[in-house]
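Look at the model below before reading on.

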Amino acid sequence: MHRMILNERPGLFRVLCLLALFEVACLLETGMLFPRESSSREVKELNGLWNFRADKSPDRNQGFDRAWYKSRLVETGPVIDMPVPASYNDITQDPTLKDFIGWVWYEREVVVPARWITDEGTRVVIRVGSAHYYSIVWVNGVKVTEHNGGHLPFEAEIGTLIRKDPTQPCRITIAVNNTLTLETLPPGSIQHMDDSTQYPKGFFVQNTYFDFFNYAGIHRAVLLYTTPAAYVDDITVVTDFLDNTGLVNYKVSVQGATTATLKVTLMDKNGQCVASSTGPFGVLKVVDVNLWWPYLMHESPGYLYSMEVHLMAANERSTYEDVYTLAVGIRTVNVTSTQFLINKKPFYFHGVNKHEDSDIRGKGFDWSLIVKDFNLLKWMGANSFRTSHYPYAEEILQMCDRHGIVVIDECPGVGIKDIRSFRNVSLNHHLVVMDELVRRDKNHASVVMWSVANEPASEMPPAEYYFKTLIQHTKALDPTRAVTYVSNSHYARDKGAPYVDVICVNSYFSWYHDPGHLEVIPLQLNTQFENWYGKYQKPIIQSEYGADAVPGLHSDPPMMFTEEYQKVVLQSCHDVFDQKRKQYLIGELIWNFADFMTAQGITRVVGNKKGVFTRQRQPKVAAFILKERYWRLANETGRLPPWTKYPCSL
């Protein structure tokens, strides 16, 4: 079934087949549309200062034993200010909070607009964009939802609760637990140190199998938003084109109505209607279509139409009107044995890996940082990135849609190293996470590939069933995109590679292997590519490569950790990439865009220094090496207008 994406097919027939697959594949009961204001919807952000307390009791369970959620948090003990969104780890001077493992409690009282309360035909929903990793939410002491996993949103309707006593503020309590086990994503384990001659009583550590700091807390916006009682719950869009006609196949899900009529209008950037339809599903045909193109692949990258869904509905008591607008980029993705095609044209990934990571705020969402990063990406001439190693904020994907930055969308399946993490409990959770990820990001034109894991122990015997099931499930959820996972294991022992569409390989020759020996890179990198392609006959992305460089540290001849060494590693790899991209190499993603924090250890000096920018977004020598290379790669395509031959700003 997944081979449908690999070959050219007649446009309309292909889209209808894909929509049918979407209908049978989506396992989640409700949609997760990004909250947007419209004539029928309101959004109230709850960002700012919240009351906060870490449960430092020995078993981390005092908050539940004493029911902290039943009253104001300040009434059960001391609280501190905590910004939302932000990781809590680096906010205070409390060393026990930086590496705290267990339950932390957030609370905020909110004044809800009177019209939300008096109008029983208005749904009021609380939505948490991301909290790490297990979360429970109470409103006025009543549990309304819980969610297992970080990086993805969850929500609950609370209108009935806040209407019980409209004279009282709406008190929201959120408990978040960052403990990782062998069954979470990412996995981890708790190790108790019971030797009282060596460790204090109750001492334990959180072991992780990934190389970034385990930031925790409420990392993205907490919102209240409204919809009518009958509302647009979900939209699925699948696009294609035939000659100069764009095809937008849509499906709209409605909740809360016994009868409903829909008007779907597709508008161009000038607000002009280019196609319209009625009914919950259909095909919009766009004459003289403007396709969505990646940055530096076309003179008008990131072209987006606006699809307005207008609902008129009724139930036994009332009639309702709802309006929701979705950005739509019309484009196709195809994969052959040697190429990655966007809109039937070869696309070469020249980009980066990133982290949601910065000083003080950790993984907390920050618009200033996001806009800065996009300016740096475009300055470099990068056309793509991988969301290593978890889903990024929806607002980042919206930026990618608008600016034509191509995305490999990765789930939090990083560090699956223990054989016990391949059991059915872990697999079932992993499948749910992929359901949630695809449900959230399925309509983003910028997302061209799903990555189901990073550097798993794919040589272990249970890995074949695990990844075969996971990859086939993801292909069934979305047959319109490629599916991969990122490997660093030896090609001959990889159990999951036969099932992916694109081989993604991480390797660090002359760093983790043969450290200091730059002369081995050409031979070993060439051998790697020939082995992988020879065995699997699938296009390859060098999904990670690089070397640590402490900013300002220099040496000639180059030595490890200097900027010169990082520079030569990159240049040596680029020479091999230039040979292989004429054959089957379809991309190169540097590790990493910027330095980032890790757990303390003897191999890391205040974090991972493989960034080509510092954590404060200042360039190292390597940034200029990549800038020169990426603009040369873009200009070699011959499809760029003159103004794009030089770096530009947003």
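The text below describes strand pairing, ring pairs and charges over rings.

The model is predicted: local features need pLDDT of at least 70, side-chain atom pairs count only at pLDDT 80 or more, and totals for chains, interfaces and linings use all residues. Numbering starts from 1 along each chain as its sequence is written, and side-chain values use heavy atoms, with hydrogens and water left out.

**Sheet**

Strands here are DSSP runs of E with at least two residues, numbered from the N terminus, and two of them pair if DSSP finds at least two bridges between them. An open sheet is formed by 4 strands in the order β18-β17-β20-β21, with antiparallel pairing. β18 (273–278) and β21 (319–328) are at the edges with a single partner strand each, so one side of each has no neighbour in the sheet. Between neighbouring strands the average turn is 15°, direction ignored, with axes being lines fitted to C-alpha atoms and angles running from 0 to 180 degrees between N-to-C directions. β17 (residues 259–267) pairs with β18 over 5 bridges, and K263 is opposite T278 in β18.

**Aromatic rings**

Rings of Phe, Tyr and Trp (its six-membered ring) pair if their centres lie within 6.5 Å; planes under 30 degrees apart are stacked, over 60 edge-to-face, and the rest tilted. The count is 34 aromatic pairs. Y466 and F467 are edge-to-face, at 5.1 Å centre to centre and 65° between the planes. Both Y466 and F467 are buried (under 20% relative accessible area; exposed is over 50%, partly exposed in between; 1.4 Å probe, protein chains only). Ring pairs also link F64, W68, Y69, W103, W105, Y134 and W138 into a cluster.

A charge sits over a ring if NZ of Lys or CZ of Arg is within 6 Å of the ring centre and within 35 degrees of the ring normal.

| Charged residue | Ring | Distance from ring centre |
|---|---|---|
| R53 | W68 | 4.5 Å |
| K610 | Y508 | 5.5 Å |
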